[in-house]
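Please load the model in the viewer and keep the selection panel at hand.

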Amino acid sequence: MSSSSYLPATTESVALALEAKDPSDAISILYRVLDDPSSSPEALRMKEQAITNLTDLLRQENRGEDLRGLLTQLRPFFSLIPKAKTAKIVRGIIDSVAKIPGSSDLQIALCKEMVQWTRAEKRTFLRQRVEARLAALLMETKEYSEALTLLSGLVKEVRRLDDKLLLVDIDLLESKLHFSLRNLPKAKAALTAARTAANAIYVPPAQQGAIDLQSGILHAEEKDYKTAYSYFFEAFESFNALEDPKAVFSLKYMLLCKIMVNQADDVGGIISSKAGLQYVGPDLDAMKAVADAHSKRSLKLFETALRDYKAQLEEDPIVHRHLQSLYGTLMEQNLCRLIEPFSRVEIAHIAELIELPIEHVERKLSQMILDKKFAGTLDQGAGCLIIFDDPKTDAIYPATLETISNIGKVVDSLYVRSAKIMA
(Lines give C-alpha, C1' and ligand atoms only; values in the text may rest on other atoms or scores of the structure.)
Protein backbone atom coordinates (compact mmCIF):
# COMPACT_ATOMS: atom_id res chain seq x y z
CA MET A 1 0.00 0.00 0.00
CA SER A 2 2.79 2.42 0.87
CA SER A 3 6.07 2.87 -0.96
CA SER A 4 9.35 1.90 0.70
CA SER A 5 10.62 5.51 0.49
CA TYR A 6 8.77 8.01 2.63
CA LEU A 7 8.05 11.62 1.77
CA PRO A 8 8.74 14.34 4.35
CA ALA A 9 5.56 15.52 6.14
CA THR A 10 5.60 19.05 4.71
CA THR A 11 3.17 21.38 2.96
CA GLU A 12 4.93 20.64 -0.36
CA SER A 13 4.33 16.88 -0.05
CA VAL A 14 0.62 17.34 0.75
CA ALA A 15 0.34 19.83 -2.16
CA LEU A 16 1.99 17.25 -4.44
CA ALA A 17 -0.84 14.83 -3.67
CA LEU A 18 -3.45 17.49 -4.42
CA GLU A 19 -1.84 18.16 -7.81
CA ALA A 20 -1.81 14.46 -8.79
CA LYS A 21 -4.16 13.79 -11.71
CA ASP A 22 -4.94 10.17 -10.76
CA PRO A 23 -6.60 9.53 -7.34
CA SER A 24 -4.52 6.33 -6.86
CA ASP A 25 -1.29 8.38 -7.28
CA ALA A 26 -2.52 10.94 -4.74
CA ILE A 27 -3.39 8.11 -2.30
CA SER A 28 0.09 6.58 -2.76
CA ILE A 29 1.79 9.97 -2.06
CA LEU A 30 -0.29 10.54 1.10
CA TYR A 31 0.58 7.06 2.43
CA ARG A 32 4.27 7.90 1.92
CA VAL A 33 3.79 11.17 3.85
CA LEU A 34 2.33 9.17 6.76
CA ASP A 35 5.45 6.93 6.73
CA ASP A 36 7.67 9.91 7.67
CA PRO A 37 9.18 8.96 11.08
CA SER A 38 9.45 12.62 12.18
CA SER A 39 7.26 13.61 15.18
CA SER A 40 7.92 17.37 15.26
CA PRO A 41 4.81 19.58 15.81
CA GLU A 42 4.88 20.72 12.17
CA ALA A 43 5.19 17.13 10.86
CA LEU A 44 2.29 15.98 13.09
CA ARG A 45 0.13 18.86 11.83
CA MET A 46 0.88 17.99 8.19
CA LYS A 47 0.18 14.30 8.86
CA GLU A 48 -3.24 15.25 10.25
CA GLN A 49 -3.93 17.16 7.02
CA ALA A 50 -2.69 14.17 5.00
CA ILE A 51 -5.04 11.84 6.95
CA THR A 52 -8.04 14.10 6.22
CA ASN A 53 -7.22 14.23 2.49
CA LEU A 54 -6.50 10.49 2.33
CA THR A 55 -9.81 9.66 4.08
CA ASP A 56 -11.74 11.75 1.52
CA LEU A 57 -9.95 10.14 -1.42
CA LEU A 58 -10.46 6.58 -0.17
CA ARG A 59 -14.16 7.33 0.41
CA GLN A 60 -14.53 8.72 -3.13
CA GLU A 61 -12.90 5.56 -4.47
CA ASN A 62 -15.22 3.40 -2.23
CA ARG A 63 -12.19 1.66 -0.67
CA GLY A 64 -13.77 0.72 2.67
CA GLU A 65 -11.26 -1.99 3.57
CA ASP A 66 -8.38 0.46 3.01
CA LEU A 67 -10.03 2.92 5.43
CA ARG A 68 -10.25 0.11 7.97
CA GLY A 69 -6.56 -0.69 7.40
CA LEU A 70 -5.70 3.01 7.75
CA LEU A 71 -7.27 3.11 11.24
CA THR A 72 -5.11 0.15 12.32
CA GLN A 73 -1.98 1.65 10.71
CA LEU A 74 -2.50 4.99 12.51
CA ARG A 75 -2.57 3.54 16.04
CA PRO A 76 1.10 4.39 16.81
CA PHE A 77 0.46 7.93 15.47
CA PHE A 78 -2.52 8.35 17.85
CA SER A 79 -0.20 8.00 20.85
CA LEU A 80 1.69 11.15 19.66
CA ILE A 81 -1.32 13.48 19.34
CA PRO A 82 -3.92 14.72 21.89
CA LYS A 83 -6.86 12.40 22.67
CA ALA A 84 -9.41 14.92 21.38
CA LYS A 85 -7.70 14.98 17.95
CA THR A 86 -7.56 11.17 17.94
CA ALA A 87 -11.32 11.04 18.62
CA LYS A 88 -11.97 13.49 15.78
CA ILE A 89 -9.87 11.48 13.28
CA VAL A 90 -11.37 8.11 14.31
CA ARG A 91 -14.94 9.38 14.09
CA GLY A 92 -14.14 11.07 10.75
CA ILE A 93 -12.87 7.78 9.27
CA ILE A 94 -15.90 5.83 10.61
CA ASP A 95 -18.21 8.50 9.10
CA SER A 96 -16.41 8.15 5.76
CA VAL A 97 -16.91 4.35 5.78
CA ALA A 98 -20.63 4.99 6.48
CA LYS A 99 -20.90 6.99 3.22
CA ILE A 100 -19.78 3.97 1.18
CA PRO A 101 -22.87 2.06 -0.09
CA GLY A 102 -23.47 -1.42 1.38
CA SER A 103 -20.81 -1.11 4.08
CA SER A 104 -22.95 -1.95 7.16
CA ASP A 105 -21.06 -5.16 8.02
CA LEU A 106 -17.71 -3.42 7.54
CA GLN A 107 -18.83 -0.54 9.82
CA ILE A 108 -19.91 -2.99 12.55
CA ALA A 109 -16.59 -4.88 12.34
CA LEU A 110 -14.66 -1.57 12.37
CA CYS A 111 -16.56 -0.26 15.42
CA LYS A 112 -16.02 -3.53 17.30
CA GLU A 113 -12.26 -3.34 16.56
CA MET A 114 -12.12 0.28 17.74
CA VAL A 115 -14.05 -0.54 20.95
CA GLN A 116 -11.45 -3.22 21.80
CA TRP A 117 -8.58 -0.82 21.07
CA THR A 118 -10.11 2.06 23.09
CA ARG A 119 -10.68 -0.31 26.04
CA ALA A 120 -7.04 -1.40 25.93
CA GLU A 121 -5.85 2.23 25.63
CA LYS A 122 -8.33 3.41 28.34
CA ARG A 123 -9.80 6.06 26.00
CA THR A 124 -13.25 6.24 27.63
CA PHE A 125 -14.54 9.36 25.82
CA LEU A 126 -13.92 7.85 22.37
CA ARG A 127 -15.07 4.33 23.37
CA GLN A 128 -18.48 5.57 24.53
CA ARG A 129 -19.08 7.38 21.24
CA VAL A 130 -17.96 4.42 19.13
CA GLU A 131 -20.19 2.10 21.22
CA ALA A 132 -23.17 4.43 20.64
CA ARG A 133 -22.43 4.32 16.90
CA LEU A 134 -22.15 0.51 17.05
CA ALA A 135 -25.54 0.25 18.82
CA ALA A 136 -27.13 2.39 16.05
CA LEU A 137 -25.61 0.12 13.38
CA LEU A 138 -26.81 -3.03 15.17
CA MET A 139 -30.31 -1.56 15.33
CA GLU A 140 -30.26 -0.83 11.57
CA THR A 141 -29.28 -4.45 10.90
CA LYS A 142 -32.12 -5.61 13.27
CA GLU A 143 -29.73 -7.07 15.87
CA TYR A 144 -32.01 -5.66 18.56
CA SER A 145 -31.02 -7.79 21.57
CA GLU A 146 -27.29 -7.13 21.07
CA ALA A 147 -27.93 -3.39 20.62
CA LEU A 148 -30.10 -3.27 23.76
CA THR A 149 -27.46 -5.04 25.87
CA LEU A 150 -24.80 -2.61 24.65
CA LEU A 151 -27.00 0.45 25.30
CA SER A 152 -28.10 -0.64 28.79
CA GLY A 153 -24.50 -0.69 30.04
CA LEU A 154 -23.61 2.50 28.18
CA VAL A 155 -26.56 4.51 29.61
CA LYS A 156 -25.55 3.72 33.21
CA GLU A 157 -21.92 4.64 32.52
CA VAL A 158 -22.73 7.94 30.77
CA ARG A 159 -25.31 8.93 33.45
CA ARG A 160 -22.59 8.50 36.08
CA LEU A 161 -20.26 10.78 34.08
CA ASP A 162 -23.12 13.23 33.41
CA ASP A 163 -22.12 13.70 29.73
CA LYS A 164 -25.41 15.33 28.68
CA LEU A 165 -24.76 15.60 24.93
CA LEU A 166 -23.93 11.90 24.58
CA LEU A 167 -26.79 11.03 26.94
CA VAL A 168 -29.28 12.73 24.60
CA ASP A 169 -27.95 10.61 21.70
CA ILE A 170 -28.09 7.36 23.67
CA ASP A 171 -31.57 7.98 25.15
CA LEU A 172 -32.90 8.84 21.68
CA LEU A 173 -31.33 5.68 20.26
CA GLU A 174 -32.85 3.64 23.11
CA SER A 175 -36.28 5.13 22.35
CA LYS A 176 -35.98 4.11 18.67
CA LEU A 177 -34.84 0.64 19.69
CA HIS A 178 -37.79 0.09 22.07
CA PHE A 179 -40.16 1.43 19.39
CA SER A 180 -38.77 -1.11 16.89
CA LEU A 181 -39.45 -3.82 19.50
CA ARG A 182 -43.03 -2.43 19.90
CA ASN A 183 -42.42 -1.54 23.56
CA LEU A 184 -44.14 1.88 23.58
CA PRO A 185 -44.01 2.65 27.33
CA LYS A 186 -40.21 2.20 27.38
CA ALA A 187 -39.82 4.12 24.10
CA LYS A 188 -41.72 7.07 25.63
CA ALA A 189 -39.71 6.89 28.87
CA ALA A 190 -36.40 6.95 26.95
CA LEU A 191 -37.60 9.90 24.83
CA THR A 192 -38.61 11.82 27.99
CA ALA A 193 -35.11 11.16 29.40
CA ALA A 194 -33.58 12.50 26.14
CA ARG A 195 -35.74 15.65 26.34
CA THR A 196 -34.79 16.20 29.99
CA ALA A 197 -31.07 15.93 29.18
CA ALA A 198 -31.53 18.17 26.10
CA ASN A 199 -33.20 20.92 28.18
CA ALA A 200 -30.05 21.32 30.29
CA ILE A 201 -27.69 21.97 27.35
CA TYR A 202 -27.48 23.51 23.88
CA VAL A 203 -28.59 20.82 21.43
CA PRO A 204 -27.47 21.08 17.77
CA PRO A 205 -30.41 21.60 15.35
CA ALA A 206 -29.91 18.16 13.73
CA GLN A 207 -30.24 16.44 17.10
CA GLN A 208 -33.26 18.58 18.07
CA GLY A 209 -34.85 17.60 14.75
CA ALA A 210 -34.25 13.91 15.51
CA ILE A 211 -35.92 14.31 18.95
CA ASP A 212 -38.96 16.04 17.38
CA LEU A 213 -39.19 13.37 14.66
CA GLN A 214 -39.20 10.57 17.26
CA SER A 215 -41.80 12.48 19.36
CA GLY A 216 -44.03 12.74 16.28
CA ILE A 217 -43.69 9.03 15.52
CA LEU A 218 -44.68 8.07 19.10
CA HIS A 219 -47.67 10.46 19.15
CA ALA A 220 -48.83 9.12 15.76
CA GLU A 221 -48.59 5.59 17.18
CA GLU A 222 -51.05 6.65 19.91
CA LYS A 223 -53.38 8.06 17.21
CA ASP A 224 -52.77 11.65 18.40
CA TYR A 225 -52.19 12.87 14.85
CA LYS A 226 -52.62 16.61 15.51
CA THR A 227 -49.80 16.70 18.09
CA ALA A 228 -47.72 14.39 15.86
CA TYR A 229 -48.18 16.82 12.94
CA SER A 230 -46.80 19.75 14.96
CA TYR A 231 -43.73 17.68 16.00
CA PHE A 232 -43.12 16.55 12.40
CA PHE A 233 -43.39 20.19 11.31
CA GLU A 234 -40.75 21.24 13.88
CA ALA A 235 -38.48 18.40 12.73
CA PHE A 236 -39.02 19.37 9.07
CA GLU A 237 -38.03 22.99 9.78
CA SER A 238 -34.82 21.87 11.55
CA PHE A 239 -33.81 19.43 8.79
CA ASN A 240 -34.86 21.78 5.98
CA ALA A 241 -32.62 24.57 7.34
CA LEU A 242 -29.69 22.10 7.41
CA GLU A 243 -30.60 20.64 3.98
CA ASP A 244 -30.64 17.24 5.68
CA PRO A 245 -32.15 14.35 3.61
CA LYS A 246 -34.31 13.44 6.67
CA ALA A 247 -36.45 16.53 5.85
CA VAL A 248 -38.35 14.57 3.19
CA PHE A 249 -39.33 11.91 5.78
CA SER A 250 -40.63 14.58 8.18
CA LEU A 251 -42.66 16.09 5.32
CA LYS A 252 -43.97 12.66 4.33
CA TYR A 253 -45.13 11.96 7.92
CA MET A 254 -46.75 15.43 8.07
CA LEU A 255 -48.82 14.49 5.01
CA LEU A 256 -49.65 11.11 6.58
CA CYS A 257 -51.04 12.90 9.68
CA LYS A 258 -53.21 15.13 7.48
CA ILE A 259 -54.64 12.05 5.71
CA MET A 260 -55.26 10.23 9.02
CA VAL A 261 -57.33 13.16 10.43
CA ASN A 262 -59.48 13.27 7.24
CA GLN A 263 -57.82 16.44 5.93
CA ALA A 264 -56.51 14.82 2.74
CA ASP A 265 -57.47 17.95 0.77
CA ASP A 266 -54.65 19.87 2.52
CA VAL A 267 -52.01 17.51 1.13
CA GLY A 268 -51.86 19.16 -2.31
CA GLY A 269 -51.44 22.61 -0.73
CA ILE A 270 -48.53 21.47 1.47
CA ILE A 271 -46.76 19.78 -1.47
CA SER A 272 -47.13 22.85 -3.71
CA SER A 273 -45.90 25.24 -0.96
CA LYS A 274 -42.43 26.79 -1.28
CA ALA A 275 -40.89 24.30 1.20
CA GLY A 276 -42.71 21.30 -0.29
CA LEU A 277 -41.62 21.98 -3.88
CA GLN A 278 -37.95 21.43 -2.91
CA TYR A 279 -38.71 17.80 -2.03
CA VAL A 280 -40.95 16.77 -4.92
CA GLY A 281 -40.21 13.13 -5.72
CA PRO A 282 -41.54 9.57 -5.29
CA ASP A 283 -42.10 9.96 -1.51
CA LEU A 284 -44.43 12.94 -1.91
CA ASP A 285 -46.06 11.46 -5.04
CA ALA A 286 -46.89 8.35 -2.99
CA MET A 287 -48.62 10.40 -0.26
CA LYS A 288 -50.47 12.44 -2.92
CA ALA A 289 -51.80 9.20 -4.48
CA VAL A 290 -52.98 7.97 -1.05
CA ALA A 291 -54.62 11.36 -0.32
CA ASP A 292 -56.48 11.24 -3.68
CA ALA A 293 -57.70 7.69 -2.97
CA HIS A 294 -58.84 8.74 0.51
CA SER A 295 -60.66 11.85 -0.78
CA LYS A 296 -62.50 9.74 -3.38
CA ARG A 297 -63.09 6.93 -0.82
CA SER A 298 -61.77 4.56 -3.52
CA LEU A 299 -60.25 1.27 -2.42
CA LYS A 300 -59.15 0.51 -5.98
CA LEU A 301 -57.10 3.75 -6.15
CA PHE A 302 -55.75 2.99 -2.67
CA GLU A 303 -54.54 -0.46 -3.73
CA THR A 304 -53.06 1.01 -6.95
CA ALA A 305 -51.11 3.56 -4.85
CA LEU A 306 -49.84 0.81 -2.53
CA ARG A 307 -48.72 -1.23 -5.54
CA ASP A 308 -47.17 1.63 -7.53
CA TYR A 309 -45.30 3.11 -4.55
CA LYS A 310 -44.40 -0.10 -2.73
CA ALA A 311 -40.94 1.16 -1.66
CA GLN A 312 -42.29 4.45 -0.27
CA LEU A 313 -45.41 3.04 1.46
CA GLU A 314 -45.12 -0.70 2.19
CA GLU A 315 -41.40 -0.68 3.02
CA ASP A 316 -41.59 2.32 5.37
CA PRO A 317 -42.75 0.59 8.61
CA ILE A 318 -44.26 3.78 10.09
CA VAL A 319 -46.33 4.70 7.02
CA HIS A 320 -47.26 1.06 6.38
CA ARG A 321 -48.70 0.56 9.89
CA HIS A 322 -50.94 3.64 9.70
CA LEU A 323 -52.04 2.99 6.12
CA GLN A 324 -53.11 -0.54 7.09
CA SER A 325 -55.52 0.86 9.68
CA LEU A 326 -56.67 3.56 7.20
CA TYR A 327 -57.29 0.89 4.53
CA GLY A 328 -59.32 -1.17 7.04
CA THR A 329 -61.46 1.86 8.02
CA LEU A 330 -61.98 2.85 4.37
CA MET A 331 -63.03 -0.68 3.45
CA GLU A 332 -65.49 -0.88 6.38
CA GLN A 333 -67.10 2.45 5.40
CA ASN A 334 -67.45 1.30 1.78
CA LEU A 335 -68.92 -2.10 2.74
CA CYS A 336 -71.40 -0.56 5.20
CA ARG A 337 -72.58 1.86 2.50
CA LEU A 338 -72.98 -0.97 -0.06
CA ILE A 339 -74.88 -3.45 2.14
CA GLU A 340 -77.22 -0.81 3.65
CA PRO A 341 -80.09 -1.26 1.09
CA PHE A 342 -80.08 -5.07 1.33
CA SER A 343 -81.45 -7.68 3.73
CA ARG A 344 -79.88 -10.55 1.72
CA VAL A 345 -77.18 -10.11 -0.94
CA GLU A 346 -74.66 -12.28 -2.77
CA ILE A 347 -71.06 -11.78 -1.62
CA ALA A 348 -69.96 -11.95 -5.27
CA HIS A 349 -72.20 -8.95 -6.02
CA ILE A 350 -70.64 -6.87 -3.21
CA ALA A 351 -67.13 -7.90 -4.38
CA GLU A 352 -68.07 -6.76 -7.89
CA LEU A 353 -69.36 -3.39 -6.63
CA ILE A 354 -66.28 -2.74 -4.47
CA GLU A 355 -63.89 -4.16 -7.14
CA LEU A 356 -62.03 -6.50 -4.78
CA PRO A 357 -61.51 -10.31 -4.68
CA ILE A 358 -64.41 -12.34 -3.16
CA GLU A 359 -62.18 -14.03 -0.49
CA HIS A 360 -60.92 -10.61 0.60
CA VAL A 361 -64.48 -9.23 0.97
CA GLU A 362 -65.78 -12.38 2.70
CA ARG A 363 -62.96 -12.27 5.27
CA LYS A 364 -63.62 -8.58 6.00
CA LEU A 365 -67.41 -9.09 6.34
CA SER A 366 -66.95 -11.95 8.82
CA GLN A 367 -64.53 -9.76 10.83
CA MET A 368 -67.07 -6.88 10.84
CA ILE A 369 -69.85 -9.21 12.05
CA LEU A 370 -67.62 -10.45 14.89
CA ASP A 371 -66.71 -6.84 15.77
CA LYS A 372 -70.49 -6.05 15.85
CA LYS A 373 -70.13 -3.39 13.15
CA PHE A 374 -73.51 -4.67 11.84
CA ALA A 375 -75.89 -7.54 12.69
CA GLY A 376 -75.82 -10.35 10.17
CA THR A 377 -74.48 -13.78 9.19
CA LEU A 378 -72.66 -15.32 6.22
CA ASP A 379 -74.43 -18.19 4.45
CA GLN A 380 -71.36 -19.72 2.83
CA GLY A 381 -73.34 -22.57 1.21
CA ALA A 382 -75.39 -20.08 -0.82
CA GLY A 383 -72.53 -17.52 -0.92
CA CYS A 384 -74.80 -14.86 0.59
CA LEU A 385 -74.70 -12.28 3.32
CA ILE A 386 -77.89 -12.08 5.41
CA ILE A 387 -78.35 -8.77 7.21
CA PHE A 388 -80.61 -8.57 10.28
CA ASP A 389 -82.51 -5.51 11.42
CA ASP A 390 -80.85 -3.86 14.38
CA PRO A 391 -82.39 -5.64 17.38
CA LYS A 392 -84.27 -3.17 19.58
CA THR A 393 -83.00 -3.37 23.15
CA ASP A 394 -85.82 -4.01 25.61
CA ALA A 395 -85.75 -1.36 28.32
CA ILE A 396 -87.32 -3.71 30.91
CA TYR A 397 -84.11 -5.73 31.43
CA PRO A 398 -81.79 -2.86 32.50
CA ALA A 399 -84.59 -1.49 34.75
CA THR A 400 -85.07 -4.92 36.41
CA LEU A 401 -81.31 -5.25 37.01
CA GLU A 402 -81.23 -1.78 38.58
CA THR A 403 -84.17 -2.67 40.90
CA ILE A 404 -82.49 -5.91 42.03
CA SER A 405 -79.21 -3.99 42.64
CA ASN A 406 -81.08 -1.40 44.80
CA ILE A 407 -82.86 -4.15 46.80
CA GLY A 408 -79.43 -5.74 47.39
CA LYS A 409 -78.13 -2.45 48.83
CA VAL A 410 -81.20 -2.13 51.16
CA VAL A 411 -80.73 -5.70 52.46
CA ASP A 412 -77.02 -5.01 53.08
CA SER A 413 -77.74 -1.82 55.08
CA LEU A 414 -80.47 -3.59 57.14
CA TYR A 415 -78.01 -6.39 57.89
CA VAL A 416 -75.40 -3.85 59.13
CA ARG A 417 -78.01 -2.15 61.38
CA SER A 418 -79.28 -5.43 62.87
CA ALA A 419 -75.66 -6.46 63.59
CA LYS A 420 -75.16 -3.18 65.54
CA ILE A 421 -78.41 -3.70 67.56
CA MET A 422 -77.47 -7.33 68.39
CA ALA A 423 -74.04 -6.19 69.55
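A residue is termed buried when its relative accessible area is under 20%, exposed when it is over 50%, and partly exposed in between, with a 1.4 Å probe and protein chains only. Helices are DSSP runs of H or I with at least four residues, numbered from the N terminus. The model is predicted, so local features require a pLDDT of at least 70 and side-chain atom pairs a pLDDT of 80 or more, while totals for chains, interfaces and linings use all residues. Residues are numbered from 1 along each chain as its sequence is written, and side-chain values use heavy atoms, leaving out hydrogens and water.

**Colour by confidence**

Begin by colouring the chain by pLDDT, the predictor's confidence in each residue on a scale from 0 to 100. The chain average is 86, and 98% of the residues score at least 70. Among the elements of the chain, the lowest mean pLDDT, 80, belongs to helix 1 (residues 11–19), and the highest, 93, to helix 12 (residues 205–221).

**Select helix 7**

Next, select residues 104–121, which make up helix 7. This helix has 18 residues and reaches 26 Å from its first C-alpha to its last, close to the expected 26 Å; the expected span is 1.5 Å times one less than the number of residues. Which residues of helix 7 are buried? They are Leu-106, Gln-107, Ile-108, Leu-110, Cys-111, Met-114, Val-115, Trp-117 and Thr-118. An α-helix has 3.6 residues a turn, so residues three or four places apart point the same way.

Now display what covers these buried residues: the cover includes helix 4 (64–73), helix 5 (75–78), helix 6 (83–98) and helix 8 (124–140). Trp-117 also forms one aromatic cluster with Phe-77 and Phe-78.

**Select the cysteines**

A disulfide is counted when two cysteine sulfur atoms lie within 2.5 Å. By this rule there are zero disulfides. Cys-384 is in none, the nearest cysteine sulfur being that of Cys-336, 18 Å away. Cys-384 is buried, with a relative accessible area of 7%; Cys-111, in helix 7, is buried at 0%.

**Select the aromatic rings**

Rings of Phe, Tyr and Trp (its six-membered ring) pair if their centres lie within 6.5 Å; planes under 30 degrees apart count as stacked, over 60 as edge-to-face and the rest as tilted. The structure holds five aromatic pairs. In one of them, Phe-232 and Tyr-253, the ring centres are 5.4 Å apart and the planes stand at 50°, so the pair is tilted. Phe-232 belongs to helix 13 (residues 225–242) and Tyr-253 to helix 14 (residues 247–260), so that the pair links distant parts of the chain, 21 residues apart. Both Phe-232 and Tyr-253 are buried.

Continue to Phe-236 and Tyr-279, an edge-to-face pair with 5.7 Å centre to centre and 70° between the planes. Phe-236 lies in helix 13, whereas Tyr-279 lies in the loop between helix 16 (274–277) and helix 17 (282–295), so the pair ties together parts that are 43 residues apart in sequence. Phe-236 counts as buried at 4% relative accessibility, as does Tyr-279 at 16%.

A charge sits over a ring if NZ of Lys or CZ of Arg is within 6 Å of the ring centre and within 35 degrees of the ring normal. Arg-129 lies over the face of Phe-125, 3.8 Å from the ring centre, and Lys-258 lies over the face of Tyr-229, 4.7 Å from the ring centre.

Ala-264 is in the loop between helix 14 and helix 15 (266–271) and is buried, with a relative accessible area of 9%. Contact here means heavy atoms within 4.5 Å. Apart from neighbours within four places in sequence, Ala-264 is in contact with Lys-258, Ile-259, Ala-291, His-294 and Ser-295.

Gln-312, in helix 19 (residues 310–313), counts as buried at 16% relative accessibility. Residues up to four places away in sequence not being counted, Gln-312 touches Lys-252, Pro-282, Asp-283 and Ala-286.

**Finish with two loop lysines**

Lys-142, in the loop between helix 8 and helix 9 (144–161), has a positive phi of about 65° although it is not a glycine. Its relative accessible area is 61%, so Lys-142 is exposed. Lys-223 is found in the loop between helix 12 and helix 13; its phi is likewise positive, about 65°, although it is not a glycine. At 52% relative accessibility, Lys-223 counts as exposed.
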